[in-house]
Structures are given as structure tokens and as C-alpha cells.
Amino acid sequence: MHRVLALTVLAVLVTGGAAHGGRTHFGWLYGTELVPENGTEVETWILEENKKGDNKRDETAFWWSPVFSLTQHLEIAIPIEAAFEDEHDGDARVHFTRWGAEARYRPQSPDPIDAGPFATVVRGGAKRIIEDRAGVRFEADLVASYTSGRVFAEVDLGGITERVPGGGETEFRPSAGVSVLVVRDFRLGVESYGELIVEGGGTSWLVVGPTMSVTSGRFWGAATLGIGLFGLRDAPRLTFGVAL
Amino acid sequence: MKLLAIVAVLGTASIAWGDGGSVRGTVEVSRAKDVPAGPVLVYVVGFTEKAPAQPVVIKQVGKQFIPDLVAVAAGGSVTFPNGDPFLHNVFSQTSERAFDLGSYRQGETRGRTFPKLGVIDVYCNLHPEMSATIVVLPNTRFATADANGAFEIKDVPPGTWTVFAFSRHAAQPSKASVTVTRGAAAEVVLHLDEVQRDFAHRNKYGETYRPTATYPPSSF
């Protein structure tokens, strides 16, 4: 992951260029921009949770989705997710975990000048748990951002709940970040993200770390190296999109 | 070869338009060979006015922006109705006002406000032949010269101001100083050199446009 971050920084220094919507300036936080009307992007997440909990569980998760803009205010994604999970019990494996759909709604104008400095996005999703045919997962986020000159601040209050026969798990996922425009479409900042167990088993954790983002032509990307404050050692994440 | 369009300067007349006067005169255009005649915008700067609430309209018809040169006071808005039976995607990468309206269908209208002064080049991400220019000005004292180059800008407040002539084909706008007195018409003659421009540009991702396939009738 560190190599990926370094390569992304290098790419920023030699490219840069046109900006477009649908991006986030943070690794763990959703953005408040949407894909331009009737546009399509392919969005990818690659994230790690390293040395989590008492058994030092390691996980790398992947998220892929086309994101379709239906109107100026609404876009939908149809993601499929996979993960490598190692509990250090000799049963490490890669498997598809979920697929489903999510909608992201921005009530303000898609244009940052016409919308003003304050913007919001409401996200809701429903996903099928692939290896538990009766299981379902619901996700929701309320994202709010404020822009002042070169500074972009954002809060993302999210949560997920998984309902499976005989049990379930619910997490509160608060996050916040500040990003500063350094040059052209390259930004640096800091962000914090946590997964706090409300119901069921699992380990609560919280990270804070540096973040960077770039936009160049059809590409936008954000990367962060979350350093564990409790619950795990670190949680780096790379999020990027390519407009079609 | 240059074509020179010269129109006689109108005589000074004493007229009353509220507390202001007017600026009128001609724009003499030296036009290089094969340069098409286009609109010439004349405007006065040096004072500010609030933009009217009514938006300026640039239609999209026949894969053209009509008109392709408009002025708007800072804070005003421009709308872009789509009159074609296919999608258009209006955008600008001009640093003073970059925007992307997305793609929308015939009969739909999208628009943007323009809070900063500047010259904004506007294109369609789907049709490279479409281009227009929005000149964002500090006030509403502007006019378009007629086919002979004559113009008149009314209700200009008294004072000494700078008047500009702007054409999409001119490398630089021309300017002159003008003193406006109450109830009088100040005369000015401006000169513009127009050269050939093809308005070539890249799409909103900074790429060259992909060629559009064309099929001869014999293909069907």
C-alpha cells in the first residue's frame, strides 16, 4: 500500500489537469460531488485493516462499481465486493462478500459556485451477503462538506447493519477530514475514520492519518494511511474513479 | 487582404436619459481573408451595476450555440436550452469559471451563474464544432454593434470611462477612453483586427475529441 501511495504521488506530480465530479478528497469518507448528469464512472476501493483485534486479523477488501448519474442530483452504484481475510488460523482466503445497489442524493446544485460553500450527500444502500443467502446488509451515510478557499472540510456520519438468521451486527461509522488544495488538482489533508460496534461481535477501531487526492483528466483518486488509535494497527485505503 | 468596414461616426446630440448620457459610435473592423463576420460586443467599464435577475440565453440548435457571443453582468446567469434532438454537454475549463452541465436532452435547460469578471469559453463535450464565449462584465452597459459597426450604449453614468470592443476573432479587444456627461452622447471610434481562428479545443477531460464515424449512403 505504501508503494501505491508513492506511485500516486508521482503520478500527481507529472500529470494534473481537468477536474470533474463524482470524486472524494478522502480515502475513507464519501464525497459530496456526484458524477455529471448522464455520466458514468467506474469506481474502485482497495482498503486494508491490519492486525485488528485480539487475534491480529488482517483483511484486504476490494469494491468495484459502475456509478451512473441519473439526474443532476442522483446517482446509483451497483457494487460487487471481495475480500482477503486472514485470521491466522490457517484458513486465509479470498472470496466475494457482497453485491447490491446504492443511491447517492445531493440536494444542492452540482455546481460548487451555484451551490455555495455548504454541500451534502445522503447515501443509502442495500446489499446481499453472498455466502449467507438469507443475509442482507443495509448502509447509510449523511455527508456534509464546507469549502472555504483552498480548504475543504467534511464530516461523514455513516452506519451499517447486517441482518442474518439468528443474529446481526450494527456499526456506527463516524469520520471527518480536512483537505487543502496545494497545487492545481492536488490536495493534502488529514482524516479520521472509525468503525464502532453497536450490536454483535467484532472489534471497534479508529484511525487517523494523512490523506491526499488528485484529479487528472478522466481520473480522480484519493489515498490515506490511517494509523490505528485503538482496535487495529493501521488501515490504509485507496479510492479512485475513472470517467467513461 | 483586409476588409475595412468603416461607418461614419454619428454626430453629437444632446439627449436626456435619466441622469446619465450615452456612448455611441462605430467599430471599424479589419478582417483577414476568409474570416467570417461575427458579432462585435462593445462595453463600458469603470463602474459596477447589479446583474438583472433575468438570465441570458444561449440556445443549442443545429450543433451551434446561438448566439455564440454574449455579455452578462457579474452575478448574472446564462442558461443553455437544448433544442437539438440529441444530448449536449456544455462545459468550460476557463479558470475564472470552470463548469460542467452534464448531458441533457432536447427541451431541457441547464444554466450557471457567473460571479467573476472574465472571458469564458464554452464548448460541448459531445460536439467539437460547438463553441461560444461569455464575457462577464462589471455592469450592464454593453451593446452589440450592428452590421455596419454602429453601436449605442444608453444610460451610462457621467464620468470618464473606458470603452472596449470585443470580437471572438480579434486577438485583443480594442479600447478607448470616453467622457460621458449628463444628457449627452459621447462619440467614439474603435478599431478591431480580426484574424482567422478555428476555436480548436480539447474536451472536458483535456483530450482530443474522438472522430465521429460517418457512413456514406452506399453503406446501407
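Trainee: In chain B, what share of the contacts with a separation of 6 or more is between residues 24 or more positions apart?
Mentor: That share is 65% of the contacts in chain B with a separation of 6 or more. Please keep in mind that this is a predicted model.

Trainee: How many helices and strands does chain B have?
Mentor: The secondary structure of chain B comprises zero helices and 18 strands.

Trainee: And what percentage of chain B is buried?
Mentor: Of the 220 residues in chain B, 47% are buried.

Trainee: Could we look at one buried residue? Where does Val156(B) lie?
Mentor: Val156(B) belongs to strand E15 of chain B, which covers residues 150-156. 

Trainee: Why does Val156(B) count as buried?
Mentor: Val156(B) counts as buried because its relative accessibility is 0%, and the cut-off for buried is under 20%.

Trainee: Which residues is it in contact with, leaving aside neighbours within four places in sequence?
Mentor: With those neighbours left aside, Val156(B) is in contact with Gly20(B), Gly21(B), Val23(B), Val44(B), Phe47(B), Arg141(B), Trp161(B) and Val180(B). As for Phe142(B), 14 residues away along the chain, its C-alpha atom is separated from that of Val156(B) by 9.6 Å.

Trainee: Let me turn to Glu187(B). Which strand holds it?
Mentor: Glu187(B) is found in strand E18 of chain B, residues 185-194.

Trainee: What does the side chain of Glu187(B) make a polar contact with?
Mentor: The partner is the side chain of Arg24(B), at 3.2 Å.

Trainee: How far apart in space are Glu187(B) and Arg197(B)?
Mentor: Their C-alpha atoms are 30 Å apart, although the two residues are ten apart in sequence.

Trainee: New topic: what are the domains of chain B?
Mentor: The domain assignment gives domain 1 as 1-49 + 143-199 and domain 2 as 52-137. The C-alpha centres of domain 1 and domain 2 of chain B are 24 Å apart.

Trainee: How many residues are in contact between those two domains?
Mentor: Six residues of domain 1 of chain B are in contact with ten residues of domain 2 of chain B. The area buried between the two domains is about 810 Å², and carbon and sulfur atoms give 67% of that area.

Trainee: Which residues of domain 1 lose the most area to domain 2?
Mentor: In domain 1 of chain B they are Leu41(B), Phe166(B) and Arg168(B), which together make up 59% of what that side buries.

Trainee: How many salt bridges cross that interface?
Mentor: The rule finds one salt bridge across the interface of domain 1 and domain 2 of chain B. Asp68(B) forms a salt bridge with Arg168(B), with the closest N and O atoms 3.3 Å apart. On the side of domain 1 of chain B that touches domain 2, the residues divide into five nonpolar, no polar and one charged.

Trainee: Moving on to chain A, how many residues are in contact between it and chain B?
Mentor: The contact involves 23 residues of chain B and 15 residues of chain A. About 1300 Å² is buried between chain B and chain A, with carbon and sulfur atoms giving 41% of the area. In chain B, the residues that lose the most area to chain A are Arg110(B), Arg112(B) and Tyr205(B), together 41% of what that side buries.

Trainee: How many salt bridges are there between the chains?
Mentor: The count between chain B and chain A is five salt bridges. The side chains of Glu37(A) and Arg110(B) meet in a salt bridge, at 2.7 Å from N to O. There are also eight residue pairs in polar contact across the interface of chain B and chain A, both residues being at pLDDT 80 or more.

Trainee: Which strand of chain B gives the largest share of the side that touches chain A?
Mentor: The largest share, six residues, comes from E10(B). By residue class, the side of chain B that touches chain A divides into seven nonpolar, seven polar and nine charged.

Trainee: Finally, is Ser65(A) buried or exposed?
Mentor: Ser65(A) counts as buried, at 2% relative accessibility. Ser65(A) lies in strand E2 of chain A, residues 57-69. A polar atom of the side chain of Ser65(A) lies 2.9 Å from the backbone nitrogen of Ile78(A).

Terms used:
Residues numbered from 1 in each chain as written. Chains lettered and ligands numbered in written order. Predicted model: local features only at pLDDT ≥ 70, side-chain atom pairs only at ≥ 80, totals over all residues. Heavy atoms only, no water. Domains from an automatic or database assignment. Contact = heavy atoms within 4.5 Å. Buried area = accessible area lost by both parts, 1.4 Å probe. Salt bridge = Lys/Arg side-chain N within 4 Å of Asp/Glu carboxyl O. Nonpolar A, V, L, I, M, F, W, Y, C, P; charged D, E, K, R; others polar. Polar contact = N/O pair within 3.5 Å; in protein donor to acceptor, adjacent residues only side chain to side chain. Helix = DSSP H or I, 4+ residues; strand = E, 2+ residues; numbered from the N terminus. Buried < 20%, exposed > 50% of the residue type's maximum accessible area, 1.4 Å probe, protein only.
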